[in-house]
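Here is a friendly walk through one protein model, meant to be read with the structure open beside you.

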Amino acid sequence: MHIQKANFNPQEIANLLWAMAKLVDNGQEQTPGFNEAVTALMPLVNGQKANFKPQGIANLLWAMAKLVDNGLEQTPGLKEAVAALLPLVNAHKADFKPQEIANLLWAMAKLGELVELNVVTSTFESLLYRISKNLQFSQKEISMSLWALMVCCARLFLDSNANKNNLFEKHMDDLFIRLENTSPDNGEDQSIITMAASWLGRTCSVVRHYQTIISKNQVDFRDQLKSSIPALKIEEEKSLNSLPPVDLLLPDHNMVIEVQGPSHYVGGDFKTRNGSTLLKIALLQKAGFEVIEIPTNQLLKKRFNETLY
């Protein structure tokens, strides 16, 4: 691939990265060779950016988000490729098909803080009117778009300097009703409906049961906390407002502690939070909880005690 990469045309670059992301989505392990091939293709995206068609733009951004979501490390080439493609979304906004719109919104949301907030909001504004005008979106496309829109609203909510966009919440409400009317029976869509209902203050017809996973880091931190403050009441893996369970809840302090491993960050860099993490934090804050994030690469007892007192 390294020898031939200079000869790939835009369609081939888009097809290759899309196919590789699909493989990963279906369980293919990201080996060093696999990741090297992906990394080698990234600069070609920037070099060919003027020649990508709408489908290629949507497929590339979806592929990058999917690869990162499955553990691809963040590299300068990835950031440059994303930055090269985003202006093209606005330029081609009238040409995307429903699935491409859903993929684009999902990808931008999934990449979280890697994409500047003002770029996200302007791109969402240019694509959302297409969803409201088009009733031909499938259940999956509505679900992906609703989740992405919640992440966008979460980012606006968490940024005290951002202008809040009530139009986004109106679109969220419309998508929530459309998705609920499809009566989805898969867990992911039900989880999205539950989160949207919580955000919008609506009653939800879905009762969501979550699988709980307790990490070793979480156990270690809880034990450390208990030994430091023996009288502190701690609850684990508690689902609040029917939302996904929190790591640790301090009910007497109305405080949630999230022990954040690398999967909460874009490319595992412990700096750039991904869309899922941002949405969970915003939903908890919106529900009235103080949220403390403890990255697992900075598990320091002293730092937390200073925050608590």
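Leu78 counts as buried because its relative accessibility is 0%; buried means under 20% relative accessible area, exposed over 50% and partly exposed in between, using a 1.4 Å probe and protein chains only. Leu78 sits in helix H4, which covers residues 76-91. Helices (H or I, at least four residues) and strands (E, at least two) are DSSP runs, numbered from the N terminus.

Which residues does Leu78 touch, leaving out those up to four places away in sequence? They are Met42, Met64, Val68 and Leu114, where contact means heavy atoms within 4.5 Å. Thr39 is 39 residues from Leu78 along the chain, yet their C-alpha atoms are separated by 7.6 Å.

## About the model

This is a predicted model, in which local features need pLDDT of at least 70 and side-chain atom pairs count only at pLDDT 80 or more, while totals for chains, interfaces and linings use all residues. Residues are numbered from 1 along each chain as its sequence is written, and side-chain values use heavy atoms, with hydrogens and water left out.

## Two helix pairs that share H3

Two packed helices are described by the angle between their axes and the distance between the axes. Axes here are lines fitted to C-alpha atoms, for helices over the stretch in contact, and angles run from 0 to 180 degrees between N-to-C directions. Helix H1 (residues 10-25) packs with helix H3 (residues 54-69) at an angle of about 35°, their axes being 8 Å apart. This crossing is left-handed; a crossing is left-handed if the near helix is turned anticlockwise from the far one by less than a right angle, and right-handed if clockwise. On the H1 side, the contact residues include Ile13, Leu17, Trp18 and Met20, and on the H3 side they include Leu60, Trp62, Ala63 and Leu67. By type, the contact of H1 with H3 has 11 nonpolar, 2 polar and 3 charged residues. Ala, Val, Leu, Ile, Met, Phe, Trp, Tyr, Cys and Pro count as nonpolar, Asp, Glu, Lys and Arg as charged, and the others, Gly among them, as polar.

H3 also meets helix H2 (residues 32-47): the axes come within 13 Å and cross at roughly 145°. The crossing of H2 and H3 is left-handed as well. Phe34, Val38, Met42 and Val45 of H2 face Leu60, Met64 and Leu67 of H3 in this contact. The residues of the contact of H2 with H3 are 7 nonpolar, with no polar and no charged.

Is Ser143 buried or exposed? Ser143 is buried, because its relative accessible area is 3%. Ser143 belongs to helix H7 (residues 139-158), and its contacts beyond four places in sequence are Leu179, Asp189 and Ile192.

Ile193 lies in helix H9 (residues 187-200) and counts as buried at 1% relative accessibility. Beyond four places in sequence, Ile193 touches Phe176, Leu179, Glu180, Pro184, Cys204 and Val206. Ser183 is 10 residues from Ile193 along the chain, with 10.0 Å between the C-alpha atoms.

## Two positive phi values

Most residues other than glycine have a negative phi, and most peptide bonds are trans. Ser183 has a positive phi, near 50°. Ser183 lies in the loop between helix H8 (166-180) and H9, and counts as exposed because its relative accessibility is 57%.

Glu237 is not a glycine either, and has a positive phi of about 50°. Glu237 is placed in strand E1 (residues 235-238) and counts as buried at 14% relative accessibility.

Leu249 is in strand E2 (residues 246-250) and is buried, with a relative accessible area of 5%. Its contacts beyond four places in sequence include Lys233, Glu235, Met255 and Phe289. Phe289 is 40 residues from Leu249 in sequence and 9.5 Å away in space, C-alpha to C-alpha.
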